[in-house]
Amino acid sequence: MKLIILKDYQSLSLCAADFIQQQLAAKPNLVLALPTGATPLGLYAELVRRAQKKQIDFSRATFFQPDEYVGLAQNNKNSFAFYLKKNFFAQLPIFPTKVNFFSGAAKDLAKVCLDYEKAIAQAGGLDVAILGIGQNGHIAFNEPGSALASRARVIDLTMETRRANSTAFGKTSAVPHRAVTLGLVDIMSAKKILLLVSGEQKAQALAKAVKGKVSPQVPASVLQSHPRVVIMADRLASSLINS
Ligand code: GLP
């Protein structure tokens, strides 16, 4: 694992944008998994800024979502698809053509998960999976207890995660109980992984992920076994790593 500690959120976002710009320069048809949440917002804003200035071009890239709430259609403002459209795709000079949304609102979710894995394979696999981390150590929506051999599937969200994600919904009870998520195997199959971590509320999860033993109880700890992981963390998030 390569750990890069940045002084603050702004530096983290710029450093992540530099990384993606380099990857895209080396492979214009890059296959990316894009996370949601508060953490990557600065990265998306910077990538959009660079795309508008024609410094970076996403027109040949392919995109996947690591996870999505069950029951929320793409046009539901709390869906991750809506978030990605609003904060990234719709702001690019041209809305990219190869966007694969994870259909959490479909009836047959087992089929959705199988088809999604197939679509990733057909695209040549993920080149870069960009990820955030939950305070309980989840990556995508692989909650504690997720098997290291887990594949794309439906998962029950923990109360802790539903509470952490409740702001947009107004109240925790409005947050869906289930989600579809790529499994740890799907994530580990990515050629490179970029994990973004910001804020002191993530310090414990990051320390366990990086220094703790690899365990399903801390799903992010599985990243220790991936050969090409870059973790970008701001000072607050990395405060427990050296202690
Ligand atoms: C959410 C998403 C994850 C995300 C994580 C961190 O629940 N399912 O994909 O990485 O939690 O979110 P945030 O950046 O808002 O802390």
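Let's start with V31. V31 sits in strand 2, which covers residues 31-33. Keep in mind that this is a predicted model. Is V31 buried or exposed? V31 is buried, because its relative accessible area is 1% and the cut-off for buried is under 20%.

So what surrounds V31? Leaving out residues up to four places away in sequence, V31 touches T62, F64, A123, G125, L126, D127 and V128. Take V128 from that list. V31 and V128 are 97 residues apart in sequence. In space, their C-alpha atoms are 6.6 Å apart.

Now step back to the protein chain. The secondary structure comes to 7 helices and 10 strands. Along the principal axes, the C-alpha atoms fill a box of roughly 45 × 45 × 35 Å. What about the radius of gyration? For 243 residues, a compact globule would have a value near 18 Å. The protein chain has 17 Å, which agrees with that. Of those 243 residues, 54% count as buried.

Here is a number about contacts. Take contacts between residues at least 6 apart in sequence. Of these, 78% join residues at least 24 apart.

Next, helix packing. Two packed helices are described by the angle between their axes and the distance between the axes. So look for both values.

Helix 1 covers residues 9-26, and helix 2 covers residues 41-52. They pack at an angle of about 50°, and their axes are 8 Å apart. That angle makes helix 1 oblique to helix 2. The crossing of helix 1 past helix 2 is right-handed.

Which residues meet there? From helix 1, we have Y9, S13, L14, A16, A17, D18, I20 and Q21. From helix 2, we have L41, G42, L43, E46, L47 and R50. By class, this contact of helix 1 with helix 2 has 8 nonpolar, 3 polar and 3 charged residues.

Find some of those positions on the helix. An α-helix has 3.6 residues a turn, so residues three or four places apart point the same way. Then look at L43, E46, L47 and R50 in helix 2, which are among the residues meeting helix 1.

Helix 2 also packs with helix 3, residues 80-87. The axes of helix 2 and helix 3 come within 10 Å and cross at roughly 40°. Helix 2 and helix 3 are therefore oblique to each other. On the helix 2 side, the residues are L41, Y44 and V48. They meet Y83, L84 and N87 in helix 3. The classes here are 5 nonpolar, 1 polar and no charged residues. Notice L41: it meets helix 1, and it meets helix 3.

On to helix 7, residues 203-211. Which of its residues are buried? They are A203, A205, L206, A207 and A209. What covers them includes strand 9, residues 192-197, and strand 10, residues 229-234.

Between helix 7 and strand 10 there is a loop, and P219 is found in it. P219 counts as buried, because its relative accessibility is 0%. Not counting residues up to four places away in sequence, P219 touches N136, G137, H138, I139, N142, E143, P144 and L184. Take E143 as one of these. P219 and E143 are 76 residues apart in sequence, yet 6.8 Å apart in space, C-alpha to C-alpha.

S225 lies in that loop between helix 7 and strand 10 too. S225 touches M188 and V214, again not counting residues up to four places away in sequence. S225 and M188 are 37 residues apart in sequence. Their C-alpha atoms are 8.5 Å apart in space.

Last topic: backbone angles. K54 has a positive phi of about 65°, although K54 is not a glycine. Where is K54? K54 is in the loop between helix 2 and strand 3, residues 62-64. K54 is exposed, with a relative accessible area of 69%.

A140 has a positive phi as well, about 50°, and A140 is not a glycine either. A140 lies in the loop between strand 6, residues 128-131, and strand 7, residues 153-156. But A140 is buried, with a relative accessible area of 10%.

Terms used: Residues numbered from 1 in each chain as written. Predicted model: local features only at pLDDT ≥ 70, side-chain atom pairs only at ≥ 80, totals over all residues. Heavy atoms only, no water. Axes fitted to C-alpha atoms, helices over the stretch in contact; angles between N-to-C directions. Helix = DSSP H or I, 4+ residues; strand = E, 2+ residues; numbered from the N terminus. Parallel < 35°, antiparallel > 145°, perpendicular 65-115°, else oblique. Left-handed = near helix turned anticlockwise from the far one by under 90°. Contact = heavy atoms within 4.5 Å. Nonpolar A, V, L, I, M, F, W, Y, C, P; charged D, E, K, R; others polar. Rg over C-alpha atoms; globule rule 2.2 N^0.38 Å. Buried < 20%, exposed > 50% of the residue type's maximum accessible area, 1.4 Å probe, protein only.
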